[in-house]
Amino acid sequence: MSDSSLFIPVILGTSRQGRQSEHVAKFIVEQVAARDRLETELLDIRNIAIANDDAGEPLKNPQFSATMERADGLIIVVPEYNHGYPGLLKHILDTCLKEYIHKAVGLCGVSAGPFGGTRVIQNLLPVMRELGLMTIFYDLNFSNVQKLFDESGNLIDKPTYIRRMERFMDELVWMSTVLKYGRQEVSLEKKDNIQVNTYASKPCPEIAARMGTDAMDTVLQLSRNAQTGEVKATPIT
């Protein structure tokens with residue numbers, strides 16, 4: 001891989017007035033930009049023009065889509081609202097799909113309480129997986145956020161959060177680098193008459209029940225015929 005640089009934008013995932021998450025996002029951008037061979041920018045969902053009369057890819061914002069396509073990894077700064085994530089963030093994320101595939105994402109939870117957005121991160125994990133993003137195993141949590149910054153938006157206990165940020169970024173950079181190499185160098189296309197099985201072998205209780213097998217003990221081996229494209233499910237017990 002000739003280009004070792006990475007582009008890792010930061011998404012500020014709330015449009016609420018008086019948002020404390022904005023201070024967190026600016027701190028994150030500052031720390032990412034200070035690293036060698038990293039480029040970043042702040043993507044504020046307030047500034048992403050998107051309609052509300054449909055959902056998903058039909059509402060794709062060209063600029064946001066292009067930024068996600070170019071990104072090697074993502075950081076999402078998201079506050080916890082009523083144990084969940086902001087609806088506008090989900091609405092915007094859903095407008096892209098292929099742009100995210102096989103890219104790393106780090107999650108930063110923000111809350112006014114003591115848990116630092118752990119519940120919003122937990123709720124976002126299945127969303128990240130469905131979008132094709134690979135979550136790193138280390139999160140950042142900003143608890144009692146209203147007490148973390150001074151009136152000018154400067155982090156009061158900066159050394160502590162810089163140390164946490166370093167561990168977070170080490171993991172995100174490693175994962176983004178490995179996945180970038182994979183996207184560039186490892187093909188899933190058919191080569192040398194070898195048909196790559198792009199179907200997962202996984203438990204499927206509904207199909208197993210129709211086939212008269214014990215769903216709890218059945219794994220279906222899915223295979224595809226290279227000539228006809230037909231998919232065959234074979235129970236494995």
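## Exercises on a predicted model

Of the 31 residues in the largest nonpolar core of this predicted model, I28, I75, F142 and F168 are those that touch the most other members.

### Exercise 1: The core and its elements

Find which elements give two or more residues to this core, and which gives the largest share.

**Solution.** 
- Step 1: Go through the helices and strands; the chain has six helices and 10 strands.
- Step 2: Keep those that give two or more residues: β2, α1 (21-33), β5, β6, β8 (140-142) and α5.
- Step 3: Pick out the largest share, which is seven residues from α5.
- Step 4: Look for a core apart from this one: another holds 25 residues, among them L43, C96, V105 and V127.

### Exercise 2: Two residues and their contacts

**Solution.** 
- Step 1: Locate S176, which lies in helix α5 (residues 158-185).
- Step 2: Compare its accessibility with the cut-off: buried means under 20% relative accessible area.

### Exercise 3: The faces of helix α2

Work out which residues of α2 (residues 62-70) are buried and why they line one face of the helix.

**Solution.** 
- Step 1: Look down the axis of α2. The buried residues fall within an arc of 165°, so they line one face of the helix.
- Step 2: Turn to the face away from the buried side, where you find the exposed residues P62 and Q63.
- Step 3: Ask what covers the buried residues. The cover includes β1 (6-7), β2 (10-12), β4 (42-44), β5 (73-79), α3 (87-93) and β6 (103-110).
- Step 4: Finish at the start of α2, where a side-chain oxygen of N61 comes within 3.0 Å of the backbone nitrogen of Q63.

### Exercise 4: The whole chain

Describe the chain's burial, its contacts and its surface.

**Solution.** 
- Step 1: Burial: of the 237 residues in the chain, 40% are buried.
- Step 2: Contacts: among those between residues at least 6 apart in sequence, 73% join residues at least 24 apart.
- Step 3: Surface: the accessible surface is about 13,500 Å², and carbon and sulfur atoms account for 50% of it.

Key:
Residues numbered from 1 in each chain as written. Predicted model: local features only at pLDDT ≥ 70, side-chain atom pairs only at ≥ 80, totals over all residues. Heavy atoms only, no water. Buried < 20%, exposed > 50% of the residue type's maximum accessible area, 1.4 Å probe, protein only. Helix = DSSP H or I, 4+ residues; strand = E, 2+ residues; numbered from the N terminus. Arc of directions from axis to C-beta. Contact = heavy atoms within 4.5 Å. Polar contact = N/O pair within 3.5 Å; in protein donor to acceptor, adjacent residues only side chain to side chain. Areas by Shrake-Rupley, 256 points an atom, 1.4 Å probe, with all protein chains shown as cover. Core = buried A, V, L, I, M, F, W, Y, C linked by side-chain atoms within 4.5 Å.
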